[in-house]
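Subject: Structure handover

Hello,

Here is the structure to look over. My notes follow below it.

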Amino acid sequence: ALSVIQDDTFQQKSILITAGPTREALDPVRYLSNHSSGKMGYAIAQAAASMGAKVILISGPTALSCPSGVQRIDVESAADMHKAVMKAVSDCDIFIATAAVADYRAKHIADNKLKKSDDELTLTFVKNPDILKDVAAMTPAPFSVGFAAESQNIAEYAQGKLISKKLDMIAANDITAAGLGFNSDRNALHVFWKNGDIKLAPDSKFHLAKALLALVAQHCKNKTP
Ligand code: CTP
Ligand code: CA
């Protein structure tokens, strides 16, 4: 007989995940964006679904297909992503922000294609809303997990974001580590919470996703809604 392994870690739980980059239009043909393949967020979505969760994935433009059993909502800009998250967040227990959200958008989007003229071009940008910070500030807030891609002072910057955004957990990765992170299928994470941390050694993004979600499962029990 075929035995089906049923992982019910997140049975009855609803998990909302952001992934991929955002695109901030400059004119009808150009945009400002971030390096992000979306692979880490999609791996978390797939792993969460395999652990029994109801998963909603709010994704910027990526080349990836939607993992089975996951509901994907496609967005382009940070403003679109913010709106889609705020609409979906009320019935979710856990929010995991892996998206590389553009911190700024053009103050004015040109109606027509910008023409080449002077040797220098100056554009004015305005700050985008912080999706993760806004979710973590809600009452009640879901168990909120951030990601921090850092090139230096990794622990210090990640712990700073944990506190300033009032997060329950943050997963930091060193973007200078060879063969890991951007566009790679592998990564390494240093995960921090209020009173502790753990280093997850280099592994496939899917295995890291499972390990991170196991930590989330342990810690979200302690969160009183
Ligand atoms: N994030 C978000 N909305 C934004 C900016 C960031 O939801 N407008 C989330 C990211 O998805 C990530 C976390 O916040 O989970 C940290 O993002 P990061 O870019 O590292 O931090 P910032 O607060 O934007 O600070 P900085 O870029 O200056 O390091
Ligand atoms: Ca940022």
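First, a definition for what follows: a residue is buried if 20 or more other C-beta atoms lie within 10 Å of its own, exposed if 12 or fewer, and partly exposed in between, with C-beta atoms placed from the backbone. This is a predicted model, in which local features need pLDDT of at least 70 and side-chain atom pairs count only at pLDDT 80 or more, while totals for chains, interfaces and linings use all residues. Residues are numbered from 1 along each chain as its sequence is written, and chains are lettered from A and ligands numbered from 1 in the order in which they are written.

Most residues other than glycine have a negative phi, and most peptide bonds are trans. Here are some exceptions.

Gln12 is not a glycine, yet has a positive phi of about 70°. Gln12 sits in the segment before strand 1 (14-19). Helices (H or I, at least four residues) and strands (E, at least two) are DSSP runs, numbered from the N terminus. Gln12 is exposed, because 9 other C-beta atoms lie within 10 Å.

Lys166 also has a positive phi, of about 55°, and is not a glycine. Look for Lys166 in the loop between helix 4 (154-164) and strand 10 (169-174). Lys166 has 13 C-beta neighbours inside 10 Å, so it counts as partly exposed.

Thr139 and Pro140 are joined by a cis peptide bond, with omega about -5°. Pro140 is in the loop between helix 3 and strand 9.

Around ligand 1

Which residues are closest to ligand 1? They are Ala97, Val101, Ile131, Leu132 and Gly146, out of 15 residues that surround the ligand. A residue counts as near a molecule or strand if its C-beta atom, placed from the backbone, lies within 6 Å of it. Helix 3 (131-136) and strand 9 (143-150) each supply at least two residues of this shell. Strand 9 gives the most, with four residues. By class, the shell has nine nonpolar, three polar and three charged residues. The classes are: Ala, Val, Leu, Ile, Met, Phe, Trp, Tyr, Cys and Pro nonpolar; Asp, Glu, Lys and Arg charged; the others, Gly among them, polar.

Helix 1 and helix 5

Helix 1 (residues 39-50) packs on helix 5 (residues 205-220) at an angle of about 60°, with the axes 8 Å apart. That makes helix 1 oblique to helix 5. Axes are lines fitted to C-alpha atoms, for helices over the stretch in contact, and angles run from 0 to 180 degrees between N-to-C directions. Angles under 35 degrees count as roughly parallel, over 145 as roughly antiparallel, 65 to 115 as roughly perpendicular and the rest as oblique.

Helix 1 contributes Lys39, Met40, Ala43, Ile44, Gln46, Ala47 and Ala48 to the contact; helix 5 contributes Lys205, Phe206, Ala209, Lys210, Leu212 and Leu213. By class, that contact has nine nonpolar, one polar and three charged residues. Two residues are in contact if their C-beta atoms, placed from the backbone, lie within 7 Å.

Met51 lies in the loop between helix 1 and strand 4 (54-59). Is Met51 buried or exposed? Met51 is buried, because 22 other C-beta atoms lie within 10 Å. Beyond its neighbours within four places in sequence, Met51 is in contact with Asp7, Thr9, Phe10 and Leu213.

Lys199 is in strand 12 (residues 196-204). Lys199 has 9 C-beta neighbours inside 10 Å, so it counts as exposed.

Best wishes
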